[in-house]
Amino acid sequence: MNKTIRRASVFTLLLVFALLVRATWVQFYEGQALAEDKDNRRNAIEQYAYPLGNIIVGGDAVTGSAQTKGSDLKYKRTYTDGSLYSAVTGFSSQVFGATQLEGVYQQLLDGTDNRLKNPLDTVTGERSDPGDVITTIDPDVQKAAYKALGDKKGAAVAIDPRTGRILGVVSTPSYDPTVLSAGDSDAWNKLTKDSEKPMTNRALRQPLPPGSTFKLVVAAAALEDGLYSSVDEKTDSENPYTLPGTTTDLANESKSAPCEDASIRVALQYSCNNVFAKMAVDLGQDKVKAMAEKFGFNDTSQDVPVRAYTSVYPSDMDRSSTALTGIGQFDVTATPLQMAMVSAAIANGGKLVSPHMVSRISDANGDVLENYDDDTESKEIVSSSTAEQLQSAMRTVVEEGTGTNARISGATVGGKTGTAQHGENNSKTPYAWFTSYAKSDSSEKEVAVAVVVEQSDAARSEVSGNGLAAPVAEAVMRAALKG
């Protein structure tokens with residue numbers, strides 16, 4: 001054979017061998033990765049070839065599936081009262097993926113979860129019928145929070161303190177996830193570029209300075225540490241209080257309030273900054289941080305089952321910064337979920353039951369695959385004695401103090417207002433907070449609520465926890481205790 005032909009033949013055989021090796025590599029080693037690639041159109045075609053399972057609220061589906069026209073994606077997601085429940089459901093889009101419960105339970109809802117397979121499905125590789133997600137959300141509570149927030153920018157969370165069941169999760173302004181189902185790029189661009197950020201879940205995923213609502217955490221730390229024996233013992237709190245190492249006096253909202261050496265009860269009633277700033281310094285940042293973390297601050301894996309953003313109590317501060325954390329300022333941040341957890345633990349005798357907004361998941365036949373109501377954890381945050389004292393002091397806030405707008409006839413209500421500074425030198429409109437609990441006088445129903453109002457049409461001088469956030473909390477608590 002000609003030497004040139006022989007070399008060409010060998011080279012050609014090497015090329016064929018290389019192609020075979022590459023094809024084998026792609027098929028057996030890279031095949032799974034390619035199959036799962038988010039840009040693989042076949043995945044979307046398969047996912048939307050059949051109706052999806054549903055998310056259930058109060059026994060009724062708030063999601064559905066509708067057939068499409070002129071598309072290789074046979075079905076698209078639909079929503080009932082989408083704007084009302086978007087902070088719970090999130091969205092499921094043919095193009096933009098899935099968020100919130102739609103994302104957490106995507107495989108259950110599209111039928112690819114292995115728990116849905118029967119032995120025949122395993123053998124044949126057939127896709128199973130999708131399952132459903134049954135939430136803990138109470139539609140009356142959800143509607144009350146949504147209506148009460150109205151056109152305000154803010155959020156509300158309601159929890160049953162005894163069970164940890166989340167009864168309401170609302171974030172405003174909201175959006176209708178239906179507009180994203182078919183992958184409308186104009187709708188996507190409009191929502192993502194909106195300065196009001198309607199797709200941000202403010203209830204779970206936007207920590208803000210909690211202001212004076214954080215004073216409950218500082219009070220809990222002081223009582224548990226023994227710094228003060230009761231909420232009615234006088235504190236050592238000069239007024240005005242000069243921040244340590246500075247010449248800056250920390251002012252109180254009301255100059256006439258009896259804040260000098262005020263007891264914890266009186267200090268919560270009038271929201272005395274001098275008392276809790278001094279208390280945080282006397283305790284030291286480590287003790288305040290330890291109590292904050294018992295309530296859930298600095299928890300980077302807080303799943304309900306949607307991952308909530310971390311609420312933060314900072315470290316490595318000087319004494320003046322520690323003082324400011326005592327009133328929920330400096331670098332302290334909290335989500336409404338976190339502040340609802342604070343009230344829930346206090347209302348429940350000092351024990352925090354892990355909050356969750358999914359009761360159970362089931363297969364297409366309604367058989368329960370996992371029951372989250374039976375899988376909750378309970379941990380003691382403070383003693384029952386401390387909890388009872390804080391409940392009593394919170395009742396004073398509502399009955400005689402800064403939280404009177406949260407009163408409910410026929411119920412025992414306790415709460416704490418907060419007005420958190422916003423912007424450099426408090427140059428922007430403050431955040432209005434309210435965290436509370438309510439117990440029916442005629443039934444066993446109870447609820448813990450936290451509300452934040454970031455922005456409203458109220459004049460700056462009218463922005464307060466009692467003026468803006470407490471009425472929202474009152475409406476939510478009333479709905480939860482009804483019946």
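A crossing of two helices counts as right-handed if the near helix is turned clockwise from the far one by less than a right angle, and as left-handed if anticlockwise.

First, the setting. What you have here is a predicted model. The protein chain holds 17 helices and 18 strands. Of its 483 residues, 50% count as buried, and the accessible surface comes to about 22100 Å², with 48% of that belonging to carbon and sulfur atoms. If you take the contacts between residues at least 6 apart in sequence, 68% of them join residues at least 24 apart.

Now zoom in on helix 10, which spans residues 215–225. Helix 10 is mostly covered, with 9 of its 11 residues buried. The buried stretch includes Lys-215, along with Leu-216, Val-217 and Val-218; Ala-219, Ala-220, Ala-221, Ala-222 and Leu-223 are buried too. Just past the end of helix 10, Gly-226 takes a positive phi of about 90 degrees.

One partner of helix 10 is helix 16, residues 384–400. The two axes come within 10 Å and cross at roughly 140 degrees. Angles over 145 degrees would count as roughly antiparallel, so helix 10 and helix 16 are oblique to each other instead. And here's where the opening definition comes in: their crossing is right-handed.

So which residues meet where helix 10 and helix 16 touch? From helix 10 come Leu-216, Ala-219, Ala-220, Leu-223 and Glu-224, and they meet Thr-386, Leu-390 and Met-394 of helix 16. Sorted by class, that contact has 6 nonpolar, 1 polar and 1 charged residues.

Key:
Residues are numbered from 1 along each chain as its sequence is written. This is a predicted model: local features need pLDDT of at least 70, side-chain atom pairs count only at pLDDT 80 or more; totals for chains, interfaces and linings use all residues. Side-chain values use heavy atoms; hydrogens and water are left out. Axes are lines fitted to C-alpha atoms, for helices over the stretch in contact, and angles run from 0 to 180 degrees between N-to-C directions. Helices (H or I, at least four residues) and strands (E, at least two) are DSSP runs, numbered from the N terminus. Angles under 35 degrees count as roughly parallel, over 145 as roughly antiparallel, 65 to 115 as roughly perpendicular and the rest as oblique. Contact means heavy atoms within 4.5 Å. Ala, Val, Leu, Ile, Met, Phe, Trp, Tyr, Cys and Pro count as nonpolar, Asp, Glu, Lys and Arg as charged, and the others, Gly among them, as polar. Buried means under 20% relative accessible area, exposed over 50%, partly exposed in between (1.4 Å probe, protein chains only). Accessible areas come from the Shrake-Rupley method with a 1.4 Å probe; for residues, only the protein chains shown count as cover.
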